[in-house]
Amino acid sequence: MAGRARAIGIRLAQTVPVILGVVVISFILTRALPGDPAVYFAGAMADEQSIQQVREALGLDQPLVTQFFLYFADLVRGDLGRSISTGQPVLTDLAMRLPASLELTLSALIVSCAIAIPLGVLAAVRQGSWVDHLCRVLVTAGVSLPTFFTGILLVYVFYYLLGWAPSPLGRLDFIYLEPPRVTGFYLVDSLLARDLETFGATVRQLALPTITLALFTLAPIARMTRAAMLQALSSDYIRTARAAGLSRGKVLFGYGLRNALLPVVTTLGMVFSFVLGANVLVEKVFAWPGIGSYAVEALVASDYAAVQGFVLAMALLFVTLNLIIDLSYALIDPRIGFDTK
Amino acid sequence: MLHISDLSVSFRTRRGEVEAVRGISFDLAAGETLGIVGESGSGKSVTSYALMRILDAGGRIKAGSAVFDGRDLAQAAERDMQRVRGREISMIFQNPRAALNPIRKVGHQLEDVLRRHGRATRSNARAKAIEALEAVRIRDARARYDAYPFELSGGMCQRVVFAIALACGPRLLIADEPTTGLDITTQKAVMDLVRDLTRDRGMSSILITHDLGLAAQYCDRLAVMKDGQIVETGAASALFADPQHPYTRKLVDATPRPGASLRDLLPAEVRTPLADHEPGTRPLVQVRDLVKIFPSKSGPVHAVKGISFTIREGQSVGLVGESGCGKSTTSSMLVRLLDRTSGDILFDGFDIAGVPADKFVRDARRSQIQMVFQDATDSLNPRHSARQTIADPILRMSDLRGAALTARVEELATLCGLPLPLLDRFPHQLSGGQKARVGIARAIALDPKFLILDEPTAALDVSIQAVVLNLLADLRARLGMTYLFVSHDLNVVRLLCDHVIVMQGGEIVEQGPAAQVMEAPSHPYTQTLLSAAPKPPAARPSLLKSAAE
Amino acid sequence: MTDATDIPDRKPDGAGAHLLHVLRENPVTLLSFSMFAFFLVQAFFGAMLVPHDPLATNSANALQPPDWTHWFGTDNLGRDVFSRVVVATRLDLTISVLAVAISFVIGSLLGAVAGYWGGWIDAVLNRILDTIMAFPLFVLAMGIVAALGNTIENIIYATALINIPFYARLVRAEVNIRREAGFALAARLSGNSHLRTLAFHIFPNALPPMMVQVSLNMGWAILNAAGLSFIGLGVRPPTPEWGILVAEGANYIISGHWWVALFPGLWLMLAVFTFNLMGDGLRDIVDPRRRT
């Protein structure tokens, strides 16, 4: 399959200009600060001398093109600057907090896919039934929900009124100890340490923010699944399969769903964009120590290096996720690489 | 073997229940081939889906029975139907490429069916699937086993669909428009294969088609459907020779066939004498060494390879060939929508190919060269009423405004047989034939000298095709236009044209007076095209007489 | 130079009648348009209609649950939540309408040009859009507002920028599939220049799917603006804005003062819901095929 190998190669090559574009935009964002960027990057407490140091460190006295290459060189070395509020290099901060965000995002995605895909399939198969109507209501309501508001509501109901959920502060109730860090994912680390109690506590703490995020992502996935499934089921090849006497299960899942999943996989990219954005809001509501709440704190403290580092990190993460999606798509769909447009 | 009585099928729609099939009855004997013929919306496909019980959501068999081998299919349980489908009765469809699962190897799709019906086990499925592919005369079946549908040609896909249908040795094959969208030579190959294999196996078959000529050639008996009812049944030759029902007669008349003239296509009541058509001698369009090369990823594609021809004033020239032969590229260059790579197009002695297509809009000759498009629906702006559509060229390229404009638009509509009240309708509110008339009215709005007709009737039902072809002939006589008629259908071209150009692979393989090319083709490709075209049986004696005159 | 409007306009069904028809045919559309009217009234006349000054504090009367004088209760400073929620409508609608209008215009222009002419313009535009879309959109908006400064205009620009790719891509696709359509070629043969063909024949046909996008985008734009204010960007207290109101209320939810956050959140949700529901109705209005 030389065609496919080439297609994958082209897809990989396409990320290069995108990453370059991302770097350019984040460079522009760091230099677009009103007034003197050096003043901003040095922080509120800086004196004349430290501002001068920052100016030289950032190369702000150089021409813009040189500045860009300095910036780029710093990035390659992993130098995103130093956070004023924590005093740590931004990269270290982000690396410390990334697993918390990823754990939340991924569990939310798994939960919403586990609900949305069967729901969308059912709605398509039983078009016009109550499942279909339920799906439509959920989808319309789901995209209307402000995540931060859903989060607050859930906290009120499940923490204040019912008392089922632990207090919405962080990844683990203060009476538990963090599991020894291996992956940074508490769920995995607590299991590795064979500490089921901590695992349970992690799950309880994770439940509300996960549901909040999952509710938000449910809608696009369910809608796309329903639409793709309807399209697949009305295709000619489904009629051929039925006319050949294949069983209902084979027709629906072997032929229908497998074709329907292709467009669903492509929309996952868009869903990731929403999730990563909504993540910031949810982390703030639940005081979740991920990179989103880190950025919010940095915003409040006018810690620009941290904010820009966060934006860049999010973009690179998103580019990587999209790349993974596209590559897995290329593995599922045999037509990739033959598409002569 | 199959006995259908009073079968009715209805669909739930927003506007209540609609009956698509209304109480039809027919029988099919073992080994017999029945053709169900009808125009779009006649309910012919729905009949076949009802037999297989694979109606779309909302459709149901309302009444009647379909007894196959002593079992009523209309009443059978879904479980039993799954055993009937593919094993007892199977089906092939139009648009073969879409009829195959796009992301599954064709061999695996065959195995699915074989194993479902217990004709193969896991261990011998592959061998059996390859056998099934070989049975439909696919060469190199072993390699095709691993192919995906998108890697195969349309004709090849239809063979695979056919292999799936035959794999479990059914006794009845239903073919639903199996060759629509295929080239005429491929159509013949597929139809011959279907006929031979069903005959060899002693199978019965039902061919569903809009093409009366095709059905007559391949079927023992025909049933003509209209508005959900069968209006007439009979042996193919008898039906042609002496149609009983007025609708059958209209359909038989409208089917282009050797020996019939344009007016013969119309119902006898409305046949008026055709004006004499005498082409002039002065050349209007001269094409010299026209070449078009498209760049593409896999190197340049030579779509048109240096063709030359002359169209004289008042002449009607047919440009014939199968898909990909370069006829559409040629017509796009002539109408100045596409730039040529090299060569000249002299219009009235002036090289219009020298004016880039982008600039030609402002050329004085723009209004002289117009085109009627293939798909009447696609060629009308959905947001413009018929009046706006017809007025557009007048507004852009003449000074007529106000009352004069309105009068001109209405004159054009009348000329093209479009009732004036329809002028304020949008395309979706018009029928196929009416849309074709709007498209023609727009093309002739500025009295062009040269009109290119790009398969103007390909998307129309045969009875409407007859009317539109006659309209075009009348307009030619009245306005003295010169036509270039682009088509894949030699039978249609013969009716309207006095000169024929046959293209293959970007080259002209034969050209000459229509009668000569049709009666005594010199190039083997023209001979193939002619022999592949369906040949309806001889029509009524009255028709033969009028043709002899 | 006269236009196609020269033609006497005697459609079987006029625009007004068509609007009524669309509204009557689909109850969901009627509901959504009524709700939209409800929000419009608040946006235009809210400040005149509310019973209390949205900024007036009264610490003696802080955190009171809803009653007959304060329908939605009072917040931690004793301000009337109802008045604040209603007055905030204008700001939230202004932000989203302006942002969507800007992205609609810019996105349509870019997308139409790229879709019609293709070539390097298309390639360059695609690369730029890819770059914008390479950011999680909310995060990009955060970055922009943080860099450009914490003002309402910057919220509008940021929201507009992150929505441009949606319009540009949609219009590009819609124009591209119609570029070679029969009616577009016929328009060229009728003497329309490329620009005319694009502007008067092809682009209007892209409007129905765009209307659905507009309605979805209005919802996103409000959510986006509210989200930014929620994390402290853009609008500043004490200006009433739904996102800020929810953020202020969030601090009191764990002590059981639900009304401070609930009502602004509910209003925000209703507004987004309204816009999302309006999509199909808007499309039906601009789609001539819906006319009978």
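The model is a predicted one.

Chain A is helical. The chain holds 13 helices and zero strands. Read along the sequence, its pattern is α-α-α-α-α-α-α-α-α-α-α-α-α. The C-alpha trace of chain A spans about 80 × 60 × 40 Å along its principal axes. Of the 341 residues in chain A, 45% are buried. Contacts between residues at least 6 apart in sequence were also examined in chain A; 71% of them join residues at least 24 apart.

Chain A meets chain B through 21 residues of chain A and 27 residues of chain B. On the chain A side, the elements that give two or more residues are helix 10 (236–243) and helix 11 (248–285). Helix 10 of chain A provides the largest share, six residues. By class, this side of chain A has seven nonpolar, seven polar and seven charged residues.

In chain B, strand 18 (residues 482–487) is mostly covered, with six of its six residues buried. In a regular strand, side chains alternate between the two faces of the sheet. Both faces of strand 18 of chain B are covered. Thr482(B), Leu484(B) and Val486(B) are buried on one side. Tyr483(B), Phe485(B) and Ser487(B) are buried on the other.

Strand 18 of chain B has parallel partners. Strand 13 (residues 316–320) of chain B pairs with strand 18 in the parallel sense over five bridges. Here Val320(B) stands opposite Ser487(B). Strand 17 (residues 450–454) of chain B also runs parallel to strand 18, and five bridges join the two. In this pairing Leu451(B) stands opposite Tyr483(B). Strand 17, helix 15 (residues 462–479) and strand 18 of chain B make a β-α-β unit, which is right-handed.

An antiparallel pairing occurs elsewhere in chain B. Strand 11 (residues 283–294) and strand 12 (residues 301–312) of chain B pair in this sense over nine bridges. Pro283(B) stands opposite Arg312(B) in strand 12. The two strands form a hairpin with six residues between them. In the turn, Gly299(B) has a positive phi of about 95 degrees.

Positive phi values also occur at Glu177(B) and Asp348(B), neither of them a glycine. Most residues other than glycine have a negative phi. Glu177(B) has a phi of about 45 degrees. Glu177(B) lies in the loop between strand 7 (172–176) and helix 7 (184–200) of chain B. Glu177(B) counts as partly exposed because it has 19 C-beta neighbours inside 10 Å, whereas a buried residue needs 20 or more. For Asp348(B), phi is near 55 degrees. Asp348(B) is in the loop between strand 14 (342–347) and strand 15 (350–351) of chain B. With 15 C-beta neighbours inside 10 Å, Asp348(B) therefore counts as partly exposed.

Helix 2 of chain C bends by about 50 degrees at Ala43(C). Ala43(C) is also one of the buried residues of this helix. Thr29(C), Ser32(C), Phe33(C), Phe39(C), Gln42(C) and Gly46(C) are buried in helix 2 of chain C as well. An α-helix has 3.6 residues a turn, so residues three or four places apart point the same way.

Conventions. Residues are numbered from 1 along each chain as its sequence is written. Chains are lettered from A and ligands numbered from 1 in the order in which they are written. This is a predicted model: local features need pLDDT of at least 70, side-chain atom pairs count only at pLDDT 80 or more; totals for chains, interfaces and linings use all residues. A residue is buried if 20 or more other C-beta atoms lie within 10 Å of its own, exposed if 12 or fewer, and partly exposed in between; C-beta atoms are placed from the backbone. Helices (H or I, at least four residues) and strands (E, at least two) are DSSP runs, numbered from the N terminus. Two strands pair if DSSP finds at least two bridges between them. A crossover is right-handed if, with the strands pointing away from the viewer, the path from the first strand over the helix to the second runs clockwise. Two residues are in contact if their C-beta atoms, placed from the backbone, lie within 7 Å. Ala, Val, Leu, Ile, Met, Phe, Trp, Tyr, Cys and Pro count as nonpolar, Asp, Glu, Lys and Arg as charged, and the others, Gly among them, as polar. The bend at a residue is the angle between axes fitted to the seven residues ending there and the seven starting there.
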